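Subject: Structure handover

Hello,

Here is the structure I said I would pass on. Please open it next to this email.

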Amino acid sequence: MYVLYHGWRSSASRRVRLCLAEKGLAFESKLIDLAKMEHHAPAFLKLNPNGVIPLLILEDGRSLYESGTICEYLDETHPEPPLRPTDPFERATMRNWIRHVDGLIGNLIIFNWAHSMAKIATQWSDAELAEKLKNVPSKERREAWLRTARKPYTEDERQEARDKLKVGLLDRMEETLGKSAWLAGDRYSLADIGAVPFVKRLDEEIAPDEMTAAKHPRVAAWWTAIQARPAFTTARIGPFTSA
Ligand SMILES: N[C@@H](CCC(=O)N[C@@H](CS)C(=O)NCC(=O)O)C(=O)O
């Protein structure tokens, strides 16, 4: 059986759970507590040097990280139901969507970490913080941890991030969904799965007013269809603040 190191609220973990659920694949759940920095423990970093979740351990013991890559692997090894377009152009479009959404993660962190990490990170002493930051592999995430622990994002920064998510995600999705039923063609695909965790956060907290039929009618209809999929329930894409 697959073993998934993940977090219920982690966006990238949610993508992999959605993919597993669409495929009807079971997994052993290993929860990683990000606020305790379990993902920066040496044993974890050995398996994922990027120090982030999710991490999937395959049935033969090998492991994979990067949610987009994991989902593609799962679709290649378990082709039914297909989650990648067959047409090469649409498949390339699917990959560009995943890459594009990945590039927006910094804007989501500004909102998410204020809930999940801040309560604990603000309690660390300067010495504890310095010690923990040493284990964070990337400069961007070190900065995010530092900000969360010591210098909360300002309302201007939050607004800037909200605008980037609106323009970069919702407006772009609205345009794409005017041309095809789903983000990468006429079938639900990994491109849609890639966007789900972000749209969930926009809908529940970051910009619910943008998720209306008046502002983004196609995204609103897409979101309704996504939430009706049985996999959405199986994957437990619950409310961020209480999952
Ligand atoms: N590109 C990676 C991003 C993974 C990622 O950023 N995971 C977050 C949770 S959604 C994480 O582990 N954050 C903890 C940290 O950065 O310290 C993927 O898609 O797997």
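Predicted model: local features only at pLDDT ≥ 70, side-chain atom pairs only at ≥ 80, totals over all residues.

Residues are numbered from 1 along each chain as its sequence is written, and side-chain values use heavy atoms, with hydrogens and water left out.

Helices α5 and α8

Helix α5 covers residues 105–116 and helix α8 residues 139–150; their axes come within 11 Å and cross at roughly 25°. Axes here are lines fitted to C-alpha atoms, for helices over the stretch in contact, and angles run from 0 to 180 degrees between N-to-C directions. The crossing angle makes α5 roughly parallel to α8 (angles under 35 degrees count as roughly parallel, over 145 as roughly antiparallel, 65 to 115 as roughly perpendicular and the rest as oblique).

Which residues of α5 and α8 meet? From α5 they are Ile 105, Ile 109 and Trp 113, and from α8 they are Arg 141, Ala 144, Trp 145 and Thr 148; contact means heavy atoms within 4.5 Å. By type, the residues of this contact are 5 nonpolar, 1 polar and 1 charged (Ala, Val, Leu, Ile, Met, Phe, Trp, Tyr, Cys and Pro count as nonpolar, Asp, Glu, Lys and Arg as charged, and the others, Gly among them, as polar).

In α8, Ala 144, Trp 145, Arg 147, Thr 148 and Ala 149 are buried. Buried means under 20% relative accessible area, exposed over 50% and partly exposed in between, with a 1.4 Å probe and protein chains only. The buried residues of α8 pack against α5, α6 (118–121), α7 (126–133) and α9 (155–176).

Helix α1 (residues 11–23) has 13 residues, which at 1.5 Å a residue should span 18 Å; its end C-alpha atoms are 19 Å apart, which agrees. The expected span is 1.5 Å times one less than the number of residues. α1 is mostly covered, with 12 of its 13 residues buried. Just after α1, Gly 24 takes a positive phi of about 70°.

Arg 15 lies in α1 and counts as buried because its relative accessibility is 4%. Leaving out residues up to four places away in sequence, Arg 15 touches Ser 67, Gly 68, Cys 71, Ile 98, Val 101, Asp 102, Ile 193, Gly 194 and Pro 197.

Backbone details

- The peptide bond from Ile 53 to Pro 54 is cis, with omega near 10°; Pro 54 sits in the loop between α2 (42–47) and β3 (55–57).
- Glu 80 and Pro 81 are joined by a cis peptide bond with omega of about -15°; Pro 81 is in the loop between α3 (67–77) and α4 (88–102).
- Glu 66, not a glycine, has a positive phi of about 75°. Glu 66 is in the loop between β4 (63–65) and α3, and at 38% relative accessibility counts as partly exposed.
- Arg 236, not a glycine, has a positive phi of about 55°. Arg 236 is in the segment after α12 (230–234), and at 47% relative accessibility counts as partly exposed.

Regards

Methods:
Helix = DSSP H or I, 4+ residues; strand = E, 2+ residues; numbered from the N terminus.
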